[in-house]
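Q: Please take a close look at one part of this model. I would like a connected account of how that part sits in the whole chain.

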Amino acid sequence: MKTLYFIRHAKSSWKHNVIDQQRPLRTRGVKDAEVVSKLVAASMPVPNLIITSDAVRAKTTAHYFKEAYALKETNFIMHYHQQTIRHSYWLFLSGKRSVI
């Protein structure tokens, strides 16, 4: 059976004068992403694949999960089409036959 997880990006910063796509994480968001990714990795099965948008806050959050799960770069995909995956969210799949 395939399992699909949706994870929202960590707390982002509004203090930078950048377009929405380039908005980074706040200091709190960085800390939260690091802690939460480690907790999830310790309690949830290793995903086959992480797919994230190229929005800075989403891909930064996703990278913490990639590192926590020690996934290879080939199992980490950035998606550049916001029509398919909203830039505020990223997802990963878990299970023996997980594919998108």
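A: Lys11 sits in the loop that runs between strand S1 (3-8) and helix H1 (27-43). Helices (H or I, at least four residues) and strands (E, at least two) are DSSP runs, numbered from the N terminus. This is a predicted model: local features need pLDDT of at least 70, side-chain atom pairs count only at pLDDT 80 or more, and totals for chains, interfaces and linings use all residues. Residues are numbered from 1 along each chain as its sequence is written, and side-chain values use heavy atoms, with hydrogens and water left out.

Lys11 counts as partly exposed because its relative accessibility is 41%; buried means under 20% relative accessible area, exposed over 50%, partly exposed in between (1.4 Å probe, protein chains only).

The chain has 2 helices and 4 strands, in the order β-α-β-α-β-β along the sequence. Helix H2 (residues 56-68) has 13 residues. From first C-alpha to last, H2 reaches 19 Å, close to the 18 Å expected at 1.5 Å a residue; the expected span is 1.5 Å times one less than the number of residues.

Arg57, Ala58, Thr61, Ala62, Phe65 and Lys66 are buried in H2. An α-helix has 3.6 residues a turn, so residues three or four places apart point the same way. Thr60 also lies in H2. Thr60 is partly exposed because its relative accessible area is 26%. C-alpha to C-alpha, Thr60 and His9 are 8.1 Å apart in space, yet 51 residues apart in sequence. Just after H2, Ala70 takes a positive phi of about 55 degrees.
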